[in-house]
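We will walk through a few stops together, one selection at a time.

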Amino acid sequence: MASNEEGPSVEPTAPVQVMYCQVCSFPVEYCEFGSSLTRCKEWLQKTDQQLFDKYYSEEALQAKIGTLSLEAQEKLEKDTAKKEAKAEAKAETALKKKMASQVTIKRIERNKRKHVTSIHGLENFDVDLKKAAKFFAQKFATGASVTKNPQGLDEIVVQGDVSGEIVEMIEDGVGLLKNVPKDNIVEVEEKSKKKGGD
């Protein structure tokens with residue numbers, strides 16, 4: 001039998017509010033472990049001066065560094081600068097690669113009057129191919145799937161001749177396609193090879 005006696009009531013603890021950095025997406029106290037500490041500091045100083053003072057003021061830094069030797073401090077500063085430079089270079093090369101990439105929209109003739117439209121290169125612009133295929137299937141009320149092309153890369157194949165509409169959708173920045181630049185679109189028409197010697 002359970003007793004009806006109540007023990008001392010315990011107040012539930014309130015959940016801890018954690019602020020996340022908009023630059024590196026870590027909690028602000030862990031930004032120093034990311035690769036963009038300088039930009040994180042600038043963002044935190046603009047957003048919340050009190051937290052900035054708590055983690056990055058002269059007193060806070062002296063308290064952290066006070067236990068390190070002079071050589072360790074210099075090494076830590078060099079490593080941080082090297083990490084930031086490497087991360088910036090990586091981001092810059094990724095942006096260059098992204099801007100040099102092209103989206104190829106191919107209209108392929110299957111039979112005399114049947115066509116499929118193949119879209120290749122959307123993944124370079126952070127478009128989820130499965131979601132895009134589903135979006136095209138709903139938009140055009142037809143079949144659409146993600147398949148591998150002969151080069152072994154993923155592409156979206158949409159049943160029917162919808163290449164013009166897809167180009168318009170990319171130019172208008174509809175839905176998932178808003179990050180794809182208009183200048184990087186290439187339209188290609190591919191005819192099927194005739195069989196036999198009529």
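Start by selecting Val16, Val18 and Tyr20, which make a nonpolar surface patch of about 310 Å². Patch residues have over 30% relative accessible area and no salt bridge, and nonpolar side chains (Val, Leu, Ile, Met, Phe, Trp, Tyr) are joined within 5 Å. This is a predicted model, where local features need pLDDT of at least 70, side-chain atom pairs count only at pLDDT 80 or more, and totals for chains, interfaces and linings use all residues. Residues are numbered from 1 along each chain as its sequence is written, and side-chain values use heavy atoms, with hydrogens and water left out.

Stay on Val18, in the segment before helix H1 (37–47). Val18 is partly exposed, at 39% relative accessible area (buried is under 20%, exposed over 50%, partly exposed in between, with a 1.4 Å probe and protein chains only).

Next, show the open sheet: five strands in the order S3-S4-S2-S1-S5, with mixed pairing (two strands pair if DSSP finds at least two bridges between them). S3 (144–148) and S5 (185–190) stand at the edges with a single partner strand each, so one side of each has no neighbour in the sheet.

Select S3 with S4 (residues 154–159): they run antiparallel, joined by five bridges. Look for Thr147 opposite Glu155 in S4.

Now move to S1 (residues 103–109). Six bridges join S1 to S5 in parallel, and Lys106 stands opposite Val188 in S5. Six bridges also join S1 to S2 (residues 115–120), here antiparallel; the partner of Arg107 in S2 is Thr117. Finish at the hairpin of S1 and S2, with five residues between them.

Definitions and conventions. Patches are made of residues with over 30% relative accessible area and no salt bridge: like charges are joined within 9 Å, nonpolar side chains (Val, Leu, Ile, Met, Phe, Trp, Tyr) within 5 Å. Accessible areas come from the Shrake-Rupley method with a 1.4 Å probe; for residues, only the protein chains shown count as cover. A salt bridge is a side-chain nitrogen of Lys or Arg within 4 Å of a carboxyl oxygen of Asp or Glu. Helices (H or I, at least four residues) and strands (E, at least two) are DSSP runs, numbered from the N terminus.
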